[in-house]
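Welcome, and thanks for taking a look at this one with us. Please open the structure and keep it at hand while you go through the points below.

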Amino acid sequence: MGSLKLDHELENDSHMMVNPLDPEEFRRQGHMLIDFIADYYQNIESYKVLSQVEPGYLKKLLPESAPYYPESIETILQDVQKYIIPGITHWQSPNYFAYFPSSGSTAGFLGEILSTGFNVVGFNWMSSPAATELECIVMDWLGEMLMLPKSFLFKGNGGGVLQGTTCEAILCTLAAARDQMLNQCGSEKLEKLVVYGSDQTHSALQKAAQIAGIHTKNFRAIKTTKSNSFGLCPNSLRDAVHADVEAGLVPLFLCATVGTTSTNAIDPIGPLCEVAKDFNIWVHVDAAYAGSACICPEFRHFIDGIEGANSFTLNAHKWFLTTLDCCCLWVKDPSALIKSLSTNPEFLRNKATDSKLVVDYKDWQITLSRRFRAMKLWLVLRSYGVANLRNFLRSHVKMAKLFEELVRNDNRFEVMATRNFALVCFRVLAWPNNISAANHVEPVNELNKKLLESINESGNVYMSSTVVDGAYIIRCAIGATLTEERHVIRAWKVIQEHADALLSKN
Ligand SMILES: *Cc1c(COP(=O)(O)O)cnc(C)c1O
């Protein structure tokens with residue numbers, strides 16, 4: 001049945017009007033949906049972790065156009081089960097070890113339901129005071145848990161904001177830094193501005209630089225080395241900055257990373273900030289994944305020196321039980337962000353804003369309209385407490401240590417990067433007659449690619465890969481909420497079995 005029906009539709013179909021916000025219907029359907037999701041979690045291990053569908057699979061299964069007549073939630077949920085779930089990669093499966101985790105939790109889901117249920121649009125304080133004020137409070141709470149210097153908190157002269165993703169947050173801070181600098185040295189200098197990161201920095205920085213109008217020639221991805229554990233060396237930064245200054249360019253922005261995406265490398269924040277200070281460079285610290293761990297005293301040292309930075313981000317939607325999307329950004333100087341990002345159309349004018357006593361978050365981010373993200377973070381912080389959040393992170397690190405040990409105990413395998421948190425990078429080495437891998441880069445890379453493909457196709461576990469220093473590496477990131485030690489042990493068995501099979505073929 002096509003969706004376009006023109007004849008007499010107004011007279012004949014008016015009896016079908018439903019109330020799209022009927023409380024009783026919501027209660028009924030909502031309970032069904034919660035049951036549906038609870039069942040999904042009960043059965044999650046029966047699904048192949050990595051979806052095995054072919055491109056275009058869904059078009060073959062669903063109708064060509066939207067239904068003209070309403071359909072029941074029962075029918076729709078049946079189709080979710082039949083058609084959607086096969087096309088889902090189960091990020092919440094305990095056997096999920098790819099990329100970084102996207103750790104879900106009951107508190108996160110329920111917080112999401114609350115904020116969606118209220119469905120307010122909190123662009124400024126007045127549009128929903130609770131949305132703004134709760135966000136300020138949870139950002140100070142979390143900032144204190146991380147022992148951020150007071151200068152990053154509302155309690156000091158700084159503050160935090162919840163954005164969608166790190167990509168957006170880096171773009172906003174880069175725009176703030178750019179405008180502050182151009183204000184000092186003249187807008188004609190735009191084409192002279194230089195942005196720095198390492199060759200391990202997330203591509204978010206490059207995207208932000210492109211959008212912010214930084215000349216592609218002025219983007220520096222400074223080389224890191226294995227001997228330096230792929231961290232950005234402060235001397236390399238100083239050399240690069242010196243060369244740029246000599247060439248008449250204007251150093252602007254450094255994105256330092258704590259826990260790089262590839263191997264969880266650490267850029268030394270303190271020493272890098274020292275270099276940056278000498279050149280008036282804005283330092284952003286990207287701790288998208290690893291920042292969460294810094295609520296544990298034993299991991300806090302990884303962000304030592306943060307007092308010298310200008311801005312800091314972590315993704316609560318990665319390893320902090322808070323559903324996507326929830327990027328926490330703290331800045332020391334909110335006025336720099338606001339100068340760059342604010343607009344004040346007449347239709348948004350109000351007394352609260354004019355009083356300057358309130359935060360209007362629309363001026364801290366790209367978009368005007370914004371979700372009530374603080375709700376889910378508030379539920380997570382309250383439902384688990386600092387004690388449990390620390391235990392949760394520690395349990396993943398402990399399991400990663402175990403996995404690393406298992407890898408080290410099998411002499412056909414090699415651990416490829418320092419394990420700082422719960423990511424283990426490794427590869428299989430053995431080759432016919434056990435010739436050392438070092439001289440056989442290509443075949444060893446091929447072998448590891450095949451190994452990863454074969455374990456992922458099995459559906460028993462899902463891991464991902466990276467390439468550093470020319471070596472193809474398998475990444476095992478432990479952090480799915482449901483993962484227990486037995487899953488990690490089983491994952492290792494799966495890898496060994498597939499390695500056995502591949503190596504016996506060679
Ligand atoms: C995941 C990640 C990002 C990107 O995060 P988004 O929120 O998806 O933009 C940036 N930097 C690092 C270090 C990451 O691990």
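A polar contact here is a pair of N or O atoms within 3.5 Å. With that cut-off in mind, start at the ligand: one of its nitrogen atoms is 2.6 Å from an N or O atom in the side chain of Asp286. Please remember that this is a predicted model.

**The ligand and its shell**

- Two further side chains reach oxygen atoms of the ligand: a polar atom of Asn315 lies 2.9 Å from one such atom, and a polar atom of Lys318 lies 2.8 Å from an oxygen atom of the ligand.
- On its own the ligand has 390 Å² of accessible area, and the protein covers 87% of that.
- Helix H6 (166-185) and helix H10 (316-319) are the elements that give two or more residues to the shell around the ligand.
- In total, 13 residues surround the ligand, with Thr166, Cys167, Asp286, Asn315 and Lys318 as the closest.
- Sorted by class, this shell holds 8 polar, 3 nonpolar and 2 charged residues.

**Helix H13**

- Where does H13 bend, and by how much? The bend is at Gly385 and comes to about 90°.
- The end-to-end span is worth checking too: H13 covers residues 374-408, 35 residues in all, yet its end C-alpha atoms are only 42 Å apart. A straight helix would reach 51 Å at 1.5 Å a residue.

**Salt bridges**

- The model has a count of 24 salt bridges.
- One that involves H13 pairs Glu112 with Lys376, and their closest N and O atoms are 3.1 Å apart.

**Backbone details in loops**

- Which two residues does a cis peptide bond join? They are Leu324 and Asp325, and omega is about 0°.
- Asp325 sits in the loop between H10 and strand S7 (327-331); H10 is also one of the elements that contribute to the ligand shell.
- Asn280 has a phi near 60°, which is a positive value in a residue other than glycine.
- To find Asn280, look in the loop between helix H9 (269-278) and strand S5 (282-286).

Conventions
Residues numbered from 1 in each chain as written. Predicted model: local features only at pLDDT ≥ 70, side-chain atom pairs only at ≥ 80, totals over all residues. Heavy atoms only, no water. Near = heavy atom within 4 Å. Polar contact = N/O pair within 3.5 Å; in protein donor to acceptor, adjacent residues only side chain to side chain. Areas by Shrake-Rupley, 256 points an atom, 1.4 Å probe, with all protein chains shown as cover. Helix = DSSP H or I, 4+ residues; strand = E, 2+ residues; numbered from the N terminus. Nonpolar A, V, L, I, M, F, W, Y, C, P; charged D, E, K, R; others polar. Expected span 1.5 Å × (residues − 1). Bend = angle between axes of the 7 residues up to and from the residue. Salt bridge = Lys/Arg side-chain N within 4 Å of Asp/Glu carboxyl O.
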